[in-house]
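Subject: Structure for your review

Dear colleague,

Please find below the structure that I was asked to pass on to you. My findings follow it, in an order meant for reading with the model open.

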Amino acid sequence: MSDTDWAGWQQSWDRQQEWYMPDREERFRVMLDMVEALVGPEPRVLDLACGTGSITDRLLRRFPGAVSTGVDLDPALLAIARGTFEGDERVSFVTADLKDPAWTRALPYDSYDAVLTATALHWLHSEPLAALYGQIAGLVREDGVFMNADHMIDPATPRINAAERAQRHARMDAEKTAGVLDWTDWWAFAAKDPVLAEPTARRFEIYGEHADGDMPPVGWHADTLRAAGFGEARPVWCSPSDTLLLAVK
């Protein structure tokens, strides 16, 4: 890939993520179904912890009249996102740390029809995640929505959890042998690119190799969102390992 082939970087990121989550596109489809059902086909969206802009990409392809604000701290993934959507007036990106209590001040809008996030918030521990949910509740307009698609582990089902994990990792191992790039390989690839090398180095200074939070179960997320000010919250999609949880203000 050349240093300006942003579409190529997007495709590479998607392939790497799909190695972990083969049903990734299905969760995006259901997420956008619920956006349309609850706030309509021209929403103002906050793409939370947006990464390369995966949600924004699918949002705008499905809803050309939508507007999206992507917020993230990762300089490498934001470089890909900004390169991908350069010149698109429907899209803006903000560099902000979601653990900073003042991060919302950098946003271009005071409220959003929908706040959407996927496979990102599991690196937060429960206390800062609960605080973040409170801030999100303040950003979502009345009757607006928040959706989080992520790992939500149920500690009450250890045998099911172990069996699912073993099967998933067996599939992943077979695909890795066939040449699929995993998380580590993908970042090593990015570090060699003339454009992404410097932001990739800064990314690892910020995050280190990887950090996982507590990954609480679905019930914790639903209860915490209701306590934060959402009127309703429940799963609208799940796989054996992940859940898409929807909350309505």
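Two residues or elements are said to be in contact when heavy atoms of each lie within 4.5 Å. Please keep in mind throughout that this is a predicted model.

I begin with helix H1, which covers residues 6-20. Its 15 residues reach 22 Å from the first C-alpha to the last, close to the 21 Å expected at 1.5 Å a residue. Buried residues in H1 include Trp6, Trp9, Trp13 and Trp19, and also Gly8, Gln10 and Asp14. The buried residues of H1 pack against helix H2 (24-39), helix H3 (54-62), H4, helix H6 (158-177) and helix H7 (183-191).

Helix H2 has 16 residues and reaches 22 Å between its end C-alpha atoms, close to the 22 Å expected at 1.5 Å a residue. Its buried residues are Arg24, Arg27, Phe28, Val30, Met31, Leu32, Val35 and Val39. The cover over them includes the helices H1 and H3 as well as the strands E4, E5, E6 and E7. After H2 comes Gly40, with a positive phi near 95 degrees.

**The sheet**

In what order do the strands of the open sheet lie? There are 7 strands, in the order E3-E2-E1-E4-E5-E7-E6, and their pairing is mixed. Strand E3 (91-95) and strand E6 (232-238) are at the edges; each has a single partner strand, so one side of each is left without a neighbour in the sheet. From one strand to the next, the twist averages 20 degrees.

Strand E4 deserves attention. E1 and E4 run parallel and are joined by 3 bridges. Within this pair, Leu46 stands opposite Val115 in E4, and Val45 stands opposite Ala114 in E4. E4 is also joined to E5, by 6 bridges, and these two strands run parallel. Here Val115 stands opposite Phe146 in E5. Is E4 buried or exposed? Of its 7 residues, 7 are buried, so E4 is largely enclosed by the rest of the structure.

Helix H4 (residues 75-84) packs on it and touches strand E2 (67-72) and E3, with a direction at about 160 degrees to that of E3. H5 lies across E1, E4 and E5, and runs at about 145 degrees to E5.

**The nonpolar cores**

As a general point, nonpolar side chains tend to be buried together in soluble globular proteins. The largest nonpolar core in this model has 29 residues. The members that touch the most other members are Leu46, Leu48, Trp103, Leu121, Leu132, Ile136 and Phe146. Elements giving two or more residues to this core are strand E1 (44-48), strand E4 (112-118), helix H5 (126-139), strand E5 (140-151), helix H9 (218-228) and strand E7 (242-248). Which of them gives the largest share? It is H5, with 6 residues.

Leaving aside its neighbours within four places in sequence, Leu132 is in contact with Leu48, Leu98, Trp103, Leu121 and Leu124.

**A pair of helices**

H7 packs with helix H8 (residues 197-207) at an angle of about 135 degrees, and their axes are 8 Å apart. The two helices are therefore oblique to each other. From H7, the contact involves Trp183, Trp187, Ala190 and Ala191; from H8, it involves Ala197, Thr200, Arg203 and Phe204.

**Two residues with positive phi**

Lastly, I draw your attention to two residues in the backbone. Asp143 is not a glycine, yet its phi is positive, near 70 degrees. Asp143 is found in strand E5 and counts as partly exposed because its relative accessibility is 48%. Met215, likewise not a glycine, has a positive phi of about 50 degrees. Met215 lies in the loop between H8 and H9, and with 23% relative accessibility it counts as partly exposed.

Yours sincerely,
A colleague

Note on methods:
Residues are numbered from 1 along each chain as its sequence is written. This is a predicted model: local features need pLDDT of at least 70, side-chain atom pairs count only at pLDDT 80 or more; totals for chains, interfaces and linings use all residues. Side-chain values use heavy atoms; hydrogens and water are left out. A nonpolar core is a set of buried Ala, Val, Leu, Ile, Met, Phe, Trp, Tyr and Cys residues joined through side-chain atoms within 4.5 Å. Buried means under 20% relative accessible area, exposed over 50%, partly exposed in between (1.4 Å probe, protein chains only). Helices (H or I, at least four residues) and strands (E, at least two) are DSSP runs, numbered from the N terminus. Two strands pair if DSSP finds at least two bridges between them. Axes are lines fitted to C-alpha atoms, for helices over the stretch in contact, and angles run from 0 to 180 degrees between N-to-C directions. The expected span of a helix is 1.5 Å times one less than its number of residues. Angles under 35 degrees count as roughly parallel, over 145 as roughly antiparallel, 65 to 115 as roughly perpendicular and the rest as oblique.
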